[in-house]
Amino acid sequence: MQLSKTLITAGVLASAASLVAACGSGQIGDSGSGGSSNPANSKKLALVPGVQAEPFYISMQCAAQEEAKKLGYDLTTQAPQSFDAAMQTTIVNALGANPPAALLVTPTDDQALRAPIEQVKNRGAKIIEVDTALKDTSVAVSSISSDNAEGGKLAAQTMAKLVGDKPGSVLVLDTIAGTSTSNARAKGFTDELKNHPNLKSAGIQFTQNEPDQAAGKVTAALASTPDLVGVFATNLNTGEGAATGLRNSGRIGQVDLVGFDASPSEVDGLRKGEYQALIAQDPASIGTQGVDQAVAAIEGKTVTRHLTAQLHSITKDDLDQNSQYFYKQKC
Ligand code: T6T
């Protein structure tokens, strides 16, 4: 099928473009040497991802651990039970009492986590954002993420190709307001949709990153929007919920589902025809680059302010040749 090839190329080009942008115009700065106010922690890195036991963050953590070991550092991970700002704040606050040399963190809210992260920074830790980021760009020395707006755009182009000339409405399922990544994906998607006049936006719905809520929103949209032709799920949980909603309504395959991420259950869903396409991120590269930047900051070497990881569009037809992008369940 022509679609998959075109999309991979588009994805690679988009990612290459953003990498060039990151390297070409990104602020490069010397972070200065130093680290934790506790000298015993000079080789200690802490990783606080968005949520525990979730394939995107497991893949990121495995690669970060490996890179830290390679560079002679010790990385420990503490993840909140849910993708929740209050739970994550408790973990980050505790790190302030015994600061690591660097904190790699996925802020679950782009504003609420600013003060907790800043107090760890004030105790000497270098701050590296991995995946999501704070609105305040002065806190971290480096941020590594996918180009999420570009990913949303790629998802809309994918949807347009899948739907073809048919007129209809498309629903976007976002996670939580304040999640920088999924919010940027939803915006990138909605902006690009305007370039496809046969497709109308059926709006952006927040799901609190709960699959049940995503399933309910899809069921409701099927009832209220008879011309619904597509759903864009901005992450793993929204995708899993959307697939459930379509399955329960007997509409699998009639409404195109484009998901973000490539968890085992999403890949399985793509194989079974529940999803028509997935936009896979490269969480391992985010973890590796995050550790590299943390170590550079600790050792007083040059640090790059913004780095991006590649995105890959995958359809059923090219599923097996893209298995290197599937997320891990364990290291
Ligand atoms: O999509 C990823 C991550 O990029 C996002 O910030 C939150 O959701 C995921 O972890 C997938 O569940």
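Why does the ligand lie between domain 1 and domain 2? In this predicted model, domain 1 (13-140 + 282-309) and domain 2 (148-280) both contribute residues to the shell around the ligand, so the ligand lies between them.

The shell consists of Glu54, Phe56, Tyr57, Asp131, Thr132, Thr181, Arg185, Asn235, Leu236, Asp261 and Gln281. Sorted by class, these are 3 nonpolar, 4 polar and 4 charged residues. Two helices, α2 (55-70) and α6 (180-193), each provide at least two residues of the shell.

The table lists distances from an oxygen atom of the ligand to an N or O atom in the side chain of each residue named.

| Residue | Distance to a ligand oxygen atom |
|---|---|
| Glu54 | 2.6 Å |
| Asp131 | 2.7 Å |
| Asn235 | 3.0 Å |

Taken alone, the ligand exposes 300 Å², and the protein buries 99% of that area. The space that the ligand takes up is the largest cavity.

Methods
Residues numbered from 1 in each chain as written. Predicted model: local features only at pLDDT ≥ 70, side-chain atom pairs only at ≥ 80, totals over all residues. Heavy atoms only, no water. Near = heavy atom within 4 Å. Polar contact = N/O pair within 3.5 Å; in protein donor to acceptor, adjacent residues only side chain to side chain. Areas by Shrake-Rupley, 256 points an atom, 1.4 Å probe, with all protein chains shown as cover. 1 Å grid on protein atoms, 1.4 Å probe; cavity = no way out; pocket = protein on both sides within 12 Å on 5 of 7 lines; lining within 4 Å. Sits in = over half its atoms within 2 Å of the grid points. Helix = DSSP H or I, 4+ residues; strand = E, 2+ residues; numbered from the N terminus. Nonpolar A, V, L, I, M, F, W, Y, C, P; charged D, E, K, R; others polar. Domains from an automatic or database assignment.
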